Amino acid sequence: MRAMVLHSSGQPLQLQDRPIPAPSANQLLIKVLACGVCRTDLHLVDGELPQAVLPRVPGHEIVGEVVAVGSHADPERIGQRVGVPWLGWTCGECSFCQAGRENLCDQARFTGCHLDGGYAEYVVADQRFCFSIPEALSNIEAAPLLCAGLIGFRALQMAQGARHLGFYGFGAAAHLAIQVARGRGQEVYAFTRPDDTQGQAYALSLGAKWSGSSDQPPPHLLDASLIFAPAGALVPLALAVTVKGGCVICAGIHMSDIPAFPYRLLWGERSVRSVANLTRNDGTAFFKELQHTHVHCDTTRFSLEDANQALALLRSGQFNGAIVLVP
Ligand SMILES: [Zn+2]
Ligand SMILES: [Zn+2]
C-alpha cells in the first residue's frame, strides 16, 4: 500500500510502499476512504508532541471500509463503514478509565501518534474504538467530524448553558462547533487574527452573531469562550471579556505559553480549563446529536500523495473549513 510517513520532525512526509498491515486479535483492517488533516498533524510534524513515536503515519480523522478482522473481532463488521478517531486504545483498568474519563488514561494510545494513522491506503484499528458513521454523511464530509467535530463537541459540553459563547480561531473545529452551538440556541461571537477579515466574514456566513479581531471587545461580555487557536496570548484576552463565573476553555492539544496576567482577570470565580482528547461516549453522544442537528462540513480535498501540500495549506490558514485527503 502507499503511505505518507513522518521519519523525523521538521521534515516533509515521505511517500512509501509498505505491506498492508495485518489486524491483531481485536483489530479491524480498514481501507481508507478519506482522512482529515488536523492541526495536531502539524504539531506532530513540528515535533510538538513529545509522546509521539517515529516513524509514524499521521492521520486520526479516518473514514474507511472494514475489509478484514482479527481473530477476536466481529466478522459482521466486514463491509461496514467506520470512523477511526484520535483515541485508539485505553487500558480500561486505571482510575481514569474506571471513572469514565478514558480520555485521561496514562496508557492511552493515539491514532497517528502512537499508532499508524490514515495518511495511507489501509489502516488497522481496535474495533472497540471505531465509530459507526451515519449514512447521511459522505466520506469526505464525515472525516473531519472524527477530531475537529468531536473536540469541538467535547468543548461545547463544558459550555452548556452559556448563551453568549466566544470562539477564538475559526478553523475546522469552530466551523463545525458553531453549527452545533446554534442548534442548541447559543449565540456565537467569533474572534480571528486582526487581519483575517475573510475569516470574520466566513464566521458570519455560518451564523455568528458577531465577528471581529481577537483584540477587539465584543458587544457585551461572554458567558464562556472556546479557544481553538494554539496561541496562549488569547487566554488573558478571553478572560478580559468573560462574565463573573464564566469559563475559558482551551480546546487544542498544544498551545504557546500563556503570558502572565493580573489576578483581577481570573477573580470573580472565572475559570480556565483545557479539553484533552475524547472518550467513546463523546463520539456516541456527538453522532446522536447530529441526527437532529444538521452539520455541513466545508472541505478542501487533496490526494494522499499531496499530504505535504495539504499540511502547508493548513499552516497558511488560507482556506475555509477542513482539509481532507482521499487515497
Ligand atoms: Zn486507563
Ligand atoms: Zn485532531
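Student: How do the axes of helix H4 and helix H8 cross?

Tutor: The axes of H4 (residues 148–157) and H8 (residues 280–289) come within 10 Å and cross at roughly 95°. The two helices are therefore roughly perpendicular to each other, a label for angles of 65 to 115 degrees. Axes here are lines fitted to C-alpha atoms, for helices over the stretch in contact, with angles running from 0 to 180 degrees between N-to-C directions. Helices are DSSP runs (H or I, at least four residues) and strands likewise (E, at least two), numbered from the N terminus.

Student: Which residues make the contact?

Tutor: From H4, Gly149, Leu150, Phe153 and Arg154; from H8, Asp282, Gly283, Ala285, Phe286 and Glu289. Contact means heavy atoms within 4.5 Å. These residues divide into four nonpolar, two polar and three charged. Ala, Val, Leu, Ile, Met, Phe, Trp, Tyr, Cys and Pro count as nonpolar, Asp, Glu, Lys and Arg as charged, and the others, Gly among them, as polar.

Student: What sort of model is this, and how are things numbered?

Tutor: It is a predicted model: local features need pLDDT of at least 70, side-chain atom pairs count only at pLDDT 80 or more, and totals for chains, interfaces and linings use all residues. Residues are numbered from 1 along each chain as its sequence is written, chains are lettered from A and ligands numbered from 1 in the order in which they are written, and side-chain values use heavy atoms, with hydrogens and water left out.

Student: Metals next. What coordinates the zinc ion (ligand 1)?

Tutor: Cys91, Cys94, Cys97 and Cys105, each through SG, at 2.3 to 2.4 Å. Donors are N, O and S atoms within 2.8 Å of the metal (3.2 Å for Na, K and Ca); water is not among the atoms, so sites may look incomplete.

Student: Why is the arrangement tetrahedral?

Tutor: Because the four donor atoms subtend angles of 105 to 118°, and four donors count as tetrahedral if all angles lie between 85 and 135 degrees.

Student: Is Cys97 buried or exposed?

Tutor: Buried, at 13% relative accessibility. Cys94 is partly exposed at 22%. Buried means under 20% relative accessible area, exposed over 50%, partly exposed in between (1.4 Å probe, protein chains only).

Technical notes. Four donors count as tetrahedral if all angles lie between 85 and 135 degrees; four count as square planar and six as octahedral if opposite donors are over 155 degrees apart and all others between 65 and 115; anything else is irregular. Angles under 35 degrees count as roughly parallel, over 145 as roughly antiparallel, 65 to 115 as roughly perpendicular and the rest as oblique.
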